[in-house]
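Colleague: I am new to this structure and would like to learn how to read its features one at a time. Could you take me through them, giving the general idea before the particular case?

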Amino acid sequence: MRIKKSKQSLQIQIQIQIQIQIQIQIQIQIQIQIQIQIQIQIPPHDLYSNSPKTTARSPPMPLEKQGTCLCKATHLKLTLENTHVSACHCSMCRKWTGGPLLAVQCSQPPEIEGPAPSVYDSSAWAERGFCAKCGTHLFYRLKATGMCVVPVGVLDGEQTWTFTEQIFIDEKPTWYCFSNQTENLTGQQVFDQFAPS
């Protein structure tokens with residue numbers, strides 16, 4: 001009887017954690033959209049003076065990128081709002097990629113040409129896509145919002161990327177370390193920052 005109650009209690013706790021994770025991911029997307037809107041509305045500053053210019057800053061030009069999987073069967077076309085690269089050190093991403101996931105965030109779902117990618121339902125809130133032929137990782141997608149991140153290594157051509165953020169830094173193994181100056185957030189900080197109030 002006691003074991004049955006413990007299992008039920010554990011199942012309830014897991015369901016609550018899943019719902020919290022979904023809400024956090026939704027809040028992250030809301031915060032990102034707010035930050036983009038703020039960036040568009042803030043006027044630029046004159047590099048040679050402390051006074052802001054009176055002209056409104058135009059939104060950044062979207063960056064169109066293309067990429068392929070290793071076997072070239074799958075082609076991706078995506079639009080990015082910036083050249084920022086983030087690293088996720090969570091255990092799931094490290095299991096998926098063999099290291100941290102280095103990715104760019106798409107402003108809209110990528111266009112995929114070729115055979116339909118295989119999709120793995122990795123959690124209650126996200127899924128991961130990969131080429132069914134060669135196994136190349138193609139995207140990480142939130143179920144609630146459709147927001148996608150794409151591994152930066154799949155993208156073709158040269159680009160000056162800016163490594164800006166590392167999340168789940170507390171899950172990063174000690175045997176590797178990036179020397180870039182980035183914003184570093186633990187898993188708890190991510191949850192605290194974006195948890196519903």
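Predicted model: local features only at pLDDT ≥ 70, side-chain atom pairs only at ≥ 80, totals over all residues.

Colleague: How are the rings of W175 and Y176 arranged in their pair?

Modeller: W175 and Y176 form an edge-to-face pair, with 5.0 Å from centre to centre and 75° between the planes. Y176 also pairs with F178, again edge-to-face, at 5.9 Å centre to centre and with 65° between the planes. Taken together, F163, W175, Y176 and F178 make up one aromatic cluster.

Colleague: How should I read the nonpolar cores?

Modeller: The general idea is that, in soluble globular proteins, nonpolar side chains tend to be buried together. In this model the largest nonpolar core has 17 residues, and those with the most contacts inside it are L78, V104, C106, L138 and V150. The elements that contribute two or more residues to this core are strand 2 (75-80), strand 3 (84-88), strand 8 (137-142) and strand 9 (148-151). Strand 2 gives the largest share of this core, namely 3 residues. There is also a second, separate core of 13 residues, which includes C90, W96, W125 and M147.

Colleague: Which residues does V150 touch, leaving aside those up to four places away in sequence?

Modeller: With those sequence neighbours set aside, V150 touches L78, L102, A103, V104, C106, P110, L138, F139 and L155.

Colleague: And how do I read a sheet?

Modeller: In general, strands of a sheet pair through backbone hydrogen bonds, either parallel or antiparallel. Here 8 strands form an open sheet with mixed pairing, and their order is 6-7-8-9-4-3-10-11. Strand 6 and strand 11 (183-185) are the edge strands, each of them pairing on one side only. From one strand to the next, the twist averages 30°.

Colleague: In which sense do strand 3 and strand 10 pair, and over how many bridges?

Modeller: Strand 3 pairs with strand 10 (residues 162-167) in the parallel sense, over 5 bridges. To place one of these partners, look at A87, whose bridge partner in strand 10 is Q166.

Colleague: What is the idea behind a salt bridge?

Modeller: Side chains of opposite charge can pair when their charged atoms come close. A search of the whole structure finds 3 salt bridges. In one of them E113 pairs with K77, the closest N and O atoms being 3.5 Å apart, which is inside the cut-off of 4 Å. This pair links distant parts of the chain, with E113 in strand 5 (residues 111-113) and K77 in strand 2, 36 residues apart. Both are partly exposed, E113 with a relative accessible area of 38% and K77 at 35% relative accessibility.

Colleague: Why does the salt bridge of K143 and D121 tie together parts that are 22 residues apart in sequence?

Modeller: The side chains of K143 and D121 meet at 2.2 Å, N to O. K143 counts as partly exposed at 35% relative accessibility, and D121 counts as partly exposed at 49%.

Colleague: Where do E127 and R141 lie?

Modeller: E127 lies in strand 7 and R141 in strand 8, so their pair ties together parts that are 14 residues apart in sequence. The closest N and O atoms of this salt bridge are 2.8 Å apart. E127 counts as buried at 18% relative accessibility, while R141 counts as partly exposed at 24%.

Colleague: Is S123 buried or exposed?

Modeller: S123 is buried, because its relative accessible area is 13%. S123 lies in the loop between strand 6 (118-120) and strand 7 (126-130), and S123 touches M92 and K143 when residues up to four places away in sequence are not counted.

Key. Residues numbered from 1 in each chain as written. Heavy atoms only, no water. Helix = DSSP H or I, 4+ residues; strand = E, 2+ residues; numbered from the N terminus. Buried < 20%, exposed > 50% of the residue type's maximum accessible area, 1.4 Å probe, protein only. Contact = heavy atoms within 4.5 Å. Core = buried A, V, L, I, M, F, W, Y, C linked by side-chain atoms within 4.5 Å. Pairing = 2+ DSSP bridges. Axes fitted to C-alpha atoms, helices over the stretch in contact; angles between N-to-C directions. Phe/Tyr/Trp six-rings, centres within 6.5 Å; stacked < 30°, edge-to-face > 60°.
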